[in-house]
Amino acid sequence: MSQDAVRIKGNAPVMKVHVIYAHPLEDSFNAALHTLCVSTLQAAGHEVDDLDLYREGFDPVLSAQDRIEYHDTAINQRRVAGYVRRLQSADALVLCHPVWNFGWPAILKGYLDRVFLPDVSFRLVDGKLSPGFTNIRKVMTVTTYGSPRHRAFILGDPPRKNGTRFLRAVMNRRVGVDYLALYNMNNTTPASREAFKTRVAKALRRL
Ligand SMILES: Cc1cc2nc3c(=O)[nH]c(=O)nc-3n(C[C@H](O)[C@H](O)[C@H](O)COP(=O)(O)O)c2cc1C
């Protein structure tokens, strides 16, 4: 946990939590989940740095120049330095997004393409990879699927693997990883959606 981010509330350490949210509609279920994430974390005393990719108009396209500079660690961060700093000063990361085409929404995938750079999310020395976000000790994904879980399972559930195994590989070696997913959104009820929100809030309070 970064020293400057640590404050003490009672006996519990307070974290700096970077929330990254990707959904275009303000009245979506994901928007409600995003609001819940931010308000629950703040109520628990955490410092929240909230990044709403759509509202911010994040450009997810990795340009020709971005690709040319990708491996040049002296300059590869220059167009996304602010986003890099926000990740590097976080103790915890919470992603909130729907599943689209069994992956992250394009704006979130593009964020990773452009910001998870060599010498940022990972280091490559003599052919050996090591994690870059050693400051991040907790990662949580809050997400929703249209499909039931068994259909996602048959397809290998790539977003679950990205949200757990891939993200774990670029964080602190002792990172705690949580993946909270509401499957089968096409057949949920108000009660099952409320139950999911309760589950999310409980997990966030324990972050
Ligand atoms: C462009 C698009 C692609 C989608 N692809 C998938 C998919 O591959 N698998 C899946 O389970 N659901 C898929 N869905 C359904 C969404 O996951 C579902 O509508 C969303 O989780 C509901 O949350 P929302 O009401 O906040 O948008 C897709 C929806 C859209 C709009």
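Is V84 buried or exposed? V84 counts as buried, because its relative accessibility is 1% and the cut-off for burial is under 20%. The model is predicted.

**V84 and its setting**

- Helix α4 is the element that holds V84.
- Beyond its neighbours within four places in sequence, V84 contacts Q77, V115 and V120.
- Between V84 and E26 the C-alpha to C-alpha distance is 26 Å, and the two are 58 residues apart in sequence.

**Nonpolar cores**

- The largest nonpolar core has 30 residues, and those touching the most other members are I20, L53, L87, Y111, V115, F116 and M171.
- At least two residues of this core come from each of α4 (81-88), β5 (92-98) and α5 (106-115).
- Helix α5 contributes the most to this core, with five residues.
- With residues up to four places away in sequence left out, I20 touches L51, L53, L87, L93, V94, L95, C96, L108 and Y111.
- Another core, of 25 residues, lies apart from the largest one; M15, V19, V94 and L180 are among its members.

**Ligand shell**

- The ligand is surrounded by 14 residues, of which H23, V99, N101, F102 and T144 are the closest.
- By class, this shell holds seven nonpolar and seven polar residues, with no charged ones.
- In the side chain of T144, an N or O atom is 2.5 Å from an oxygen atom of the ligand.
- The side chain of H23 likewise has an N or O atom 2.7 Å from an oxygen atom of the ligand.
- On its own the ligand has 630 Å² of accessible area, and the protein covers 67% of that.

- Most residues other than glycine have a negative phi.
- D126, which is not glycine, has a positive phi near 50°.
- The loop between β6 (122-125) and β7 (128-131) contains D126.
- D126 counts as exposed because its relative accessibility is 78%, where the cut-off is over 50%.
- N184 also has a positive phi, near 60°, and is not glycine.
- N184 sits in the loop between β9 (176-182) and α8 (190-205).
- With a relative accessible area of 25%, N184 is partly exposed.

Key. Residues numbered from 1 in each chain as written. Predicted model: local features only at pLDDT ≥ 70, side-chain atom pairs only at ≥ 80, totals over all residues. Heavy atoms only, no water. Core = buried A, V, L, I, M, F, W, Y, C linked by side-chain atoms within 4.5 Å. Buried < 20%, exposed > 50% of the residue type's maximum accessible area, 1.4 Å probe, protein only. Helix = DSSP H or I, 4+ residues; strand = E, 2+ residues; numbered from the N terminus. Contact = heavy atoms within 4.5 Å. Near = heavy atom within 4 Å. Polar contact = N/O pair within 3.5 Å; in protein donor to acceptor, adjacent residues only side chain to side chain. Areas by Shrake-Rupley, 256 points an atom, 1.4 Å probe, with all protein chains shown as cover. Nonpolar A, V, L, I, M, F, W, Y, C, P; charged D, E, K, R; others polar.
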